[in-house]
Amino acid sequence: MTTSDNTISRKDFIRNSALAMAGLTLIPNIMTASPFFDEKNVSAKGKLSLKNVRLETGFTYEEGDVIATKTDLFYIEVDNGKITKIAPNQPNAKAVDAKGLLMLPAFKDMHIHLDKTFYGDKWQAVRKRTGGIKGMIELEQKMLPEMLKNSTFKAEKMIELLQSKGTSFARSHVNIEPTSKLQSLKNLQKALDNKKKGFGAELVAFPQHGVFYTDSVPYLKEAAKMDIDFIGGVDPFNVDGNIEKVVDFTVQLALDHKKGIDIHLHETADSGLKTVEYLIDKVNENPSLKGKTYLSHCFILGKLEAAKQEEVAEKLGAAQIGIVSTIPFGRLVMPIPTLYKHNVTVLTGNDSIVDHWNTFGTGSVLQKANLMAQLYGYSTELALSRSLKLATGNILPLDDKGVQQWPKTGDQADFVLINASCSAEAVSRISNVESLVHQGNVVF
């Protein structure tokens with residue numbers, strides 16, 4: 001048995017083929033409810049017109065509180081990857097009938113490892129961990145040569161899973177270390193190229209086995225010259241034993257090649273806080289890194305006293321360093337409301353779907369927004385609707401006052417059609433995504 005069902009019926013194959021002839025990109029098995037499933041309604045290649053599209057238009061207030069979200073139906077045209085027309089609904093137009101489905105920005109998974117997964121291959125549970133992070137590094141060194149043999153295929157299957165949940169963009173970390181060298185990157189780039197019509201990504205050169213612990217330096221320098229967007233890192237003290245040496249190297253490599261930074265930080269002891277504070281200092285010394293530096297996980301924030309959380313969040317906000325959280329639950333609760341209060345950019349992702357680290361990823365970032373809403377009591381209409389930004393990379397249809405701000409003419413045509421009456425319901429119910437369009441290409 002495999003971890004995904006890749007079968008396709010003859011009927012679906014025939015319909016897929018007809019739609020593909022119209023220039024569309026489609027995923028097997030997940031398109032039956034899509035308005036684009038009926039090939040008679042598919043427009044000419046490169047252009048789409050849709051009617052009966054539900055958009056949010058404002059809030060309904062009662063005694064100063066938002067109690068509902070207003071919506072209306074619209075007619076929308078897409079051309080050359082952009083939204084070119086938003087007009088009052090034209091029910092009799094020859095156009096794809098969205099049937100009142102709600103249009104929302106396509107979702108973004110901003111922390112995932114597309115390059116190393118079991119997804120699409122034989123199921124494997126996580127093995128009993130021994131030896132901490134260095135024990136996991138030793139395990140990876142044994143596993144990676146075999147995993148790399150079909151990592152392009154598995155990455156493509158995982159991309160299809162993300163697409164089925166409404167995600168058309170990801171920030172993927174990709175192993176750069178002496179075991180896989182640059183092969184994991186090359187295999188992933190091949191998968192992304194095969195899926196580029198329906199999926200986009202930015203890549204983080206990730207020294208999973210430490211920068212110096214296994215001498216990943218030459219490979220990181222080589223990767224920095226390639227088509228990657230961020231220089232990564234992992235637990236500078238626990239893995240490499242030297243916070244300053246690792247952060248200095250990472251910062252300089254990013255500066256030399258005009259890349260961003262995204263460092264995994266799981267450390268919850270003093271070293272975690274020291275790493276955060278040292279990175280803040282280095283970004284302030286190098287303002288070109290502001291707005292493109294991130295700490296993934298950053299569990300130390302969940303361990304601090306409230307006053308210290310406020311202080312660190314304020315410094316992160318001022319340095320424009322973002323936090324990418326997988327929204328952990330249990331004993332560790334991240335201070336996400338405090339981060340928002342200090343205008344820290346907060347992103348989320350699935351991290352692992354099925355691999356040797358974790359097997360619980362669903363592929364849905366809308367589920368992450370739902371989990372955040374539950375954890376922090378975001379249960380009102382307004383709070384639920386604001387929670388959607390965690391799934392969309394901080395794009396919301398309405399601003400906090402209820403003024404429509406998405407979509408606009410000229411916006412990239414990246415959207416989902418979802419079976420919900422408004423954003424608040426979509427987050428609360430984790431509503432079904434019925435269609436995904438990426439850069440004007442129909443994915444399903």
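At a relative accessibility of 0%, Cys-298 counts as buried, a class defined as under 20% relative accessible area, with exposed meaning over 50% and partly exposed in between (1.4 Å probe, protein chains only). The structure is a predicted model, in which local features need pLDDT of at least 70 and side-chain atom pairs count only at pLDDT 80 or more, while totals for chains, interfaces and linings use all residues. Residues are numbered from 1 along each chain as its sequence is written, and side-chain values use heavy atoms, with hydrogens and water left out. Cys-422 is likewise buried, with a relative accessible area of 7%. The structure holds 0 disulfides, a disulfide being a pair of cysteine sulfur atoms within 2.5 Å.

Arg-171 lies in strand E7 (residues 167–175), where strands (E, at least two residues) and helices (H or I, at least four) are DSSP runs numbered from the N terminus. Arg-171 is buried at a relative accessible area of 2%. Leaving aside residues up to four places away in sequence, Arg-171 has contacts that include Asp-109, Glu-202, Asp-262, Phe-230 and Tyr-294, contact meaning heavy atoms within 4.5 Å.

Helix H8 (residues 270–285) packs with helix H10 (residues 306–319) at an angle of about 30°, with their axes 10 Å apart; axes are lines fitted to C-alpha atoms, for helices over the stretch in contact, and angles run from 0 to 180 degrees between N-to-C directions. H8 is therefore roughly parallel to H10, the class for angles under 35 degrees, as against over 145 for roughly antiparallel, 65 to 115 for roughly perpendicular and the rest for oblique. Residues meeting across this contact include Leu-273, Val-276 and Ile-280 in H8 and Val-312 and Leu-316 in H10.
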